[in-house]
Amino acid sequence: MSQDTPATLRRTAEEGARLAGRILKDRFLGERTIEYKGGIDLVTDADKASEEALLAFIRERHPTHAILAEESGASAGANHLRWLVDPLDGTTNYAHRVPHFCVSVAVEGPGGVLAGAVYDPMLDELFSAARGEGGTLNGRPLRASGVATLHGALLCTGFPYDVRERPEGPVGLFNRFILRAQGMRRTGSAAMDLAYVAAGRFDGFFEFGLKPWDIAAGSLLVEEAGGVIRHVTGAPFSVLRGDVIASAPALAPELLAEAKRFVDDMDWKPKG
């Protein structure tokens, strides 16, 4: 069997995410070193240790693959596949000892994301998927919710690190949706938010300023759970652009239409 089948890649993502997650959990209550990468963007010693172990694991399994990781950047490969790795999504939560964070691991090919996993080590919840094979949460099938109206929808969002310089997108759309939805949450981890949409816990999610490693695994989870993921303008999803809106399938027409009205009313253009 080829080592690059979606099923094999999924297993690597799952096992790697668990490995990295154990490091985060073991260090959660201990002393930590916190640095600033700029503005309010943090990195901890746990980010670095988690990423180091995860990248070593991926390279051992798939030595010809390229990797793009949050902390160490890009490394070339001799293969058409590339891993997108976030060793700690929710670093601000982690730094403040808020137990809501995850590891996000995905692999993409020329046609998009092929497999991915999002692992919450504090709850021991592993969300994973392979393209065309569905997604699971600890082995149980993932299904997006059946909510069909904004009035009955629980939405979630996050704010990018440059929100103080560019508030018009995230704050503007937040203000529009909070007046129409049943409720709104802000958890601090985009990868987990997308996983929760896939699991039917949230009915919709939107955020700006995200990176490929934030959204690659979660986007596949949403799609394989029957959900819809686009950009705020309604354009087809790509991990290379950081504005994202995802939802339950029946909610998507209303949610996307409302986002499009926001874009048109504000004459706003996404960054990137």
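Where is the place of Asn138 in this chain? Asn138 sits in the loop between β9 and β10, where helices (H or I, at least four residues) and strands (E, at least two) are DSSP runs numbered from the N terminus. Before I go on, let me say that this is a predicted model, in which local features need pLDDT of at least 70 and side-chain atom pairs count only at pLDDT 80 or more, while totals for chains, interfaces and linings use all residues. Residues are numbered from 1 along each chain as its sequence is written, and side-chain values use heavy atoms, with hydrogens and water left out.

Back to the loops, then. Asn138 has a positive phi of about 50° although it is not a glycine, and with a relative accessible area of 36% Asn138 is partly exposed, given that buried means under 20% relative accessible area, exposed means over 50%, and partly exposed lies in between (1.4 Å probe, protein chains only). Asp124, which is placed in the loop between β7 and β8, likewise is a residue other than glycine with a positive phi, near 55°, and Asp124 counts as partly exposed because its relative accessibility is 39%. As background, most residues other than glycine have a negative phi.

Eight strands form an open sheet in the order β4-β3-β5-β6-β7-β8-β9-β10, with mixed pairing, where two strands pair if DSSP finds at least two bridges between them. The edge strands are β4 (73–75) and β10 (140–141), each of which pairs on one side only. Within this order, strand β5 (residues 82–89) is mostly covered, since seven of its eight residues are buried. On one flank, strand β3 (residues 66–69) runs parallel to β5 and is joined to β5 by four bridges, with Leu84 in β5 as the bridge partner of Leu68. β5 is also joined to β6 by six bridges, and these two strands run antiparallel; here Leu84 stands opposite Ala106 in β6. Further along the order, four bridges join strand β8 (residues 125–130) to strand β9 (residues 134–137) in the antiparallel sense, and the bridge partner of Ala130 is Gly134 in β9.

A separate set of pairings involves strand β15 (residues 244–247). Which residues cover the two faces of β15? Val244 and Ala246 on one side, and Ile245 and Ser247 on the other, are all buried, so that both faces are covered. Strand β13 (residues 204–207) pairs with β15 in the antiparallel sense over four bridges, and Phe205 stands opposite Ala246. β14 also pairs with β15 in the antiparallel sense, over three bridges, and the bridge partner of Ile229 in β15 is again Ala246.

Next, the aromatic side chains. Rings of Phe, Tyr and Trp (its six-membered ring) pair if their centres lie within 6.5 Å, and planes under 30 degrees apart count as stacked, over 60 as edge-to-face and the rest as tilted; by this rule the count comes to seven aromatic pairs. One of them is formed by Tyr94 and Phe101, edge-to-face, at 4.8 Å centre to centre and 85° between the planes, and both Tyr94 and Phe101 are buried. Phe28, Tyr94 and Phe101 form one aromatic cluster. Tyr196 and Phe202 form a tilted pair, 5.6 Å centre to centre with 40° between the planes; Tyr196 counts as buried because its relative accessibility is 12%, and Phe202 counts as buried at 6%. Arg201 lies over the face of Tyr196, at 4.7 Å from the ring centre, the rule being that NZ of Lys or CZ of Arg is within 6 Å of the ring centre and within 35 degrees of the ring normal.

I will finish with helix α1 (residues 6–27), in which Arg18 lies. At 27% relative accessibility, Arg18 counts as partly exposed. Arg18 and Asn93 are 75 residues apart in sequence and, C-alpha to C-alpha, 19 Å apart in space.
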